[in-house]
Amino acid sequence: MGNCERFSQADVLILTHVPYCSPGHLETVLCREGVSFREVRVDLGELAQVDLCQPKAVAIMGGPMSVNDPLPWLADEVEAIRFWIAQGTPLIGHCLGGQLIARALGATVQRMPHTEIGWQKVTRHDEGEDSPWLAHLGEEFVVYQWHSDTFAIPHGAVPLMGSAHCANQAFAYGEHVLALQGHPEMTEALVRRWTTSWAELIDPSQPSQQSIERQLMGLSEKVAALHHVAEGFYQRWLTLALAPKSLT
């Protein structure tokens, strides 16, 4: 848990599901901004120890499991997300985290005909043209991807962007919720770890997947550009967390 200057202790909650899908660059941003956070391993049952009324903002990270897997803790996590949505708690979901938000809002999550892996160009949807979540971005930008499932857009949500291989890359729900299919949190170390540990899952003969060589080429520059994408998301999420609550 980091030190805190503007929040009371551990008002930012980060839900993780495996050790190798860490907060990555999100942790760097929180430390730089002087925001304390608590990381909770949902798969280990640690969510049961959390007071759901306490967090001012929640981030939900990725994982190799599917939302559709029969894991009891996934159902508990979905219920917690529904509670936070109803409370107006700022939420940001990364990959599995975005799919969990979609499920909490009643949308389907299903297997894609292919896996999307690597640095993929995404394009803004017309519906998200005026979204404050995208105010720092142009019409096209690149996000790191590693997923085999995709979410449908929930009723009442605004689709924000898509890629050539996955039409639904992000949606906003109300003012406080952002669900992402990709991984803006990636660091150089995470990219190297994933491409080393899971090399056998990569099939560069598929148009939706990049070879390890392509993924690592110019890695520092790619990660720096990704951090620009990520920080716009994270800064808005934190701004919402810091906003005074309405008394009405």
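**Figure 1. Ala179 in strand β9 of the predicted model.** In this predicted model, Ala179 belongs to strand β9, which covers residues 177-180. Ala179 counts as buried because its relative accessible area is 0%, under the limit of 20% that separates buried residues from the rest. The C-alpha atoms of Ala179 and Gly98 lie 4.1 Å apart in space, although 81 residues separate the two in sequence. Once neighbours within four places in sequence are set aside, the contacts of Ala179 include Gly98 itself, together with Gly93 and Ile101.

Figure 2. Helix α3 runs over residues 96-104, and it is mostly covered, with eight of its nine residues buried. Just after the helix, Gly106 adopts a positive phi of about 90 degrees.

**Figure 3. The largest pocket and its lining.** The volume of the largest pocket is about 420 Å³. It is lined by 20 residues, and those closest to its centre are Gly63, Pro64, Met65, Trp146 and His147. Three elements, namely helix α3 and the strands β5 (109-124) and β6 (140-151), each supply at least two residues of the lining, and β6 gives the most, with four residues. By residue class, the lining divides into eleven nonpolar, seven polar and two charged residues.

Figure 4. The largest nonpolar core holds 77 residues, among which Phe233 and Trp237 touch the most other members. Helix α6, which spans residues 219-242, gives the most to this core, with eleven residues. In soluble globular proteins, nonpolar side chains tend to be buried together. Apart from neighbours within four places in sequence, Phe233 is in contact with Ile92, Trp133, Leu134, His136 and Leu137, and also with Met161, Leu178, Leu180 and Pro184.

**Figure 5. Val40 in strand β2.** Strand β2 consists of residues 37-41, and Val40 lies in it. Val40 has a relative accessible area of 0% and is therefore buried. When neighbours within four places in sequence are left out, Val40 is in contact with Leu13, Ile14, Leu15 and Thr16, as well as with Glu46, Leu47 and Val50. From Val40 to Asp11, which is 29 residues away along the chain, the C-alpha separation is 13 Å.

**Figure 6. The protein chain as the setting of the close-up views.** The secondary structure of the chain comes to six helices and nine strands, and its C-alpha trace spans about 55 × 40 × 35 Å along the principal axes. A compact globule of 248 residues would have a radius of gyration near 18 Å, and the 17 Å found for this chain agrees with that expectation. Buried residues make up 54% of the 248 residues. Of the contacts with a separation of 6 or more, 75% are between residues 24 or more positions apart.

Technical notes: Residues are numbered from 1 along each chain as its sequence is written. This is a predicted model: local features need pLDDT of at least 70, side-chain atom pairs count only at pLDDT 80 or more; totals for chains, interfaces and linings use all residues. Side-chain values use heavy atoms; hydrogens and water are left out. A nonpolar core is a set of buried Ala, Val, Leu, Ile, Met, Phe, Trp, Tyr and Cys residues joined through side-chain atoms within 4.5 Å. Buried means under 20% relative accessible area, exposed over 50%, partly exposed in between (1.4 Å probe, protein chains only). Contact means heavy atoms within 4.5 Å. On a 1 Å grid over the protein atoms alone, a cavity is a set of points where a 1.4 Å probe fits but cannot get out, and a pocket is an open set with protein on both sides within 12 Å along at least five of seven lines; lining residues have an atom within 4 Å of a point. Grid points are joined across faces, edges and corners, and a volume is the space filled by probe spheres set on the points. Ala, Val, Leu, Ile, Met, Phe, Trp, Tyr, Cys and Pro count as nonpolar, Asp, Glu, Lys and Arg as charged, and the others, Gly among them, as polar. The radius of gyration is taken over C-alpha atoms; the globule rule is 2.2 Å times the number of residues to the power 0.38.
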